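Welcome! Please take a moment with the sequence and the 3D view below, and then let us walk through some of the features together.

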Amino acid sequence: MSADTAASTRTPEPPRRHPERRRVLGRAGASLRRAWLALAVYATVRAAGIGCVALGARQAGERPRTQLGHYWDSIWYVGIAQHGYGTSRPSATHPGLSFSDLAFFPLYPALIRAVTGVVPVGAVTAGLLIAWVAAGLAAWGIHAVGERLYGRRVALALVALWGLLPHAVVESMGYTESLLTALAAWSLYALLTGRWVSAGALALCAGATRPNGLAVAAAVCVCAAAEIRHHRGRTSWRVWAGAALSPLGWLGYAAWVGVRRGTWRGYLDVQDDWGTYLDLGASGFRSARSLIMGSGSLSHYVALIVVGGALISLVGLALRPPPLPLVVYTLALVFIALAGANYFASKPRFLLPAFPLLIPAALAMARARPRTAVLVGGALAGLSCLYGTYLLTMATSPV
């Protein structure tokens with residue numbers, strides 16, 4: 001038999017299917033293997049935090065699940081997931097005003113409802129499961145960004161510091177900060193790697209998660225504008241598509257609230273009723289001045305320390321600025337957090353997704369001796385666990 005005849009009778013190889021999907025899964029698997037230590041450290045410190053909250057709640061006669069998953073804002077999210085929008089409650093401090101659940105964005109309640117429709121768990125448990133998974137994805141995304149820019153050692157420190165913040169207990173609660181951070185971190189990573197459509201789609205989801213999710217869209221749009229200007233308009237359609245997608249989540253929800261309220265100011269009116277209008281930091285300045293000159297609760301003083309640390313970190317970032325996506329995202333988040341009126345004790349929570357603020361500290365921690373880094377990390381872990389327990393069992397200010 002000739003070689004040609006043998007070749008013609010050979011069974012043809014089946015065509016390879018979905019090569020792009022295999023490449024994506026391969027890259028994700030490699031990234032996860034590189035991040036395993038950071039994720040293990042993060043899971044350990046957050047498990048310790050949850051354990052401390054559980055002990056504190058038991059001591060106070062409360063259920064740990066309720067403290068973590070059905071407390072302050074979590075009550076509103078669970079209510080939306082169970083009954084939809086339409087709940088209002090009168091304000092105890094401002095007669096004639098009412099707090100509407102329209103202030104809370106829809107993605108997280110929609111996820112809770114989706115999980116309860118598939119898994120036989122209640123809304124509170126579903127909310128906690130989503131928050132914990134989102135926290136893990138956020139830690140992974142933070143590691144991916146940190147590793148790409150500064151290497152694995154800094155990435156490990158960045159993830160650890162994010163899990164050791166004073167308000168890190170919120171990352172384990174039925175709140176939206178973990179979900180926003182996950183979407184933001186991976187959107188920023190997509191921008192750093194030139195995946196414009198993915199960045200825009202993730203920014204869209206971030207905008208449907210929280211009001212300050214608009215910061216992710218700002219990063220995508222500014223970076224797209226810089227790319228278009230650099231190429232004098234002759235750039236890929238993907239850049240335009242990413243920029244167009246990015247604000248749709250936030251704008252879509254705000255437009256829906258406007259239609260429901262019958263006025264273009266619908267969403268702004270809802271926020272005004274909650275006391276979260278834009279005052280360019282005037283109320284925050286008054287709160288800080290009164291704390292410095294007088295007295296206040298522990299949560300307010302810790303908030304003052306965190307806000308001061310955030311401003312110092314901004315100076316550190318300015319001395320060694322990261323790439324444009326992180327700069328825009330961080331500045332937008334800090335502006336939204338500090339320029340909003342009232343809720344001074346909650347401002348550290350509003351800053352939780354601003355993980356690039358931790359880059360200067362992560363760089364310093366990565367340069368330190370291992371023993372020093374472990375001692376600092378242990379001290380921060382103790383403080384974070386104790387303060388998280390205080391926030392959920394003793395503090396009277398909103399988390």
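Helix 2 (residues 19–59) has a kink of about 55°, centred on Ala35; the bend at a residue is the angle between axes fitted to the seven residues ending there and the seven starting there. Helices here are DSSP runs (H or I, at least four residues), numbered from the N terminus. This is a predicted model, in which local features need pLDDT of at least 70 and side-chain atom pairs count only at pLDDT 80 or more, while totals for chains, interfaces and linings use all residues. Residues are numbered from 1 along each chain as its sequence is written, and side-chain values use heavy atoms, with hydrogens and water left out.

Ala35 is also one of the buried residues of helix 2, which include Tyr42, Arg46 and Gly49. Buried means under 20% relative accessible area, exposed over 50%, and partly exposed in between (1.4 Å probe, protein chains only). The cover over these buried residues includes helix 3 (64–69), helix 6, helix 7 (152–163) and helix 19 (370–393). Just after helix 2 comes Gly61, with a positive phi of about 80°.

The largest nonpolar core has 86 residues, and Leu191, Tyr329 and Phe355 touch the most other members. Helix 6 (residues 123–150) gives the most to this core, eleven residues. A nonpolar core is a set of buried Ala, Val, Leu, Ile, Met, Phe, Trp, Tyr and Cys residues joined through side-chain atoms within 4.5 Å. Apart from this core lies another, of 16 residues, with Met173 and Tyr390 among them.

Now to the charged side chains. The whole structure holds six salt bridges, each a side-chain nitrogen of Lys or Arg within 4 Å of a carboxyl oxygen of Asp or Glu. Three of them are listed here:

| Salt bridge | Closest N to O |
|---|---|
| Asp73 and Arg349 | 3.5 Å |
| Arg265 and Asp269 | 3.2 Å |

Are Asp73 and Arg349 buried or exposed? Both are buried. This pair links distant parts of the chain, with Asp73 in helix 4 (residues 73–83) and Arg349 in helix 17 (residues 347–350), 276 residues apart. Arg265, in contrast, is partly exposed because its relative accessible area is 29%. Asp272 counts as partly exposed too, at 31% relative accessibility. Salt bridges that share partners join Asp73, Glu177, Arg210 and Arg349 into one network.

Notes. Helix = DSSP H or I, 4+ residues; strand = E, 2+ residues; numbered from the N terminus. Contact = heavy atoms within 4.5 Å.
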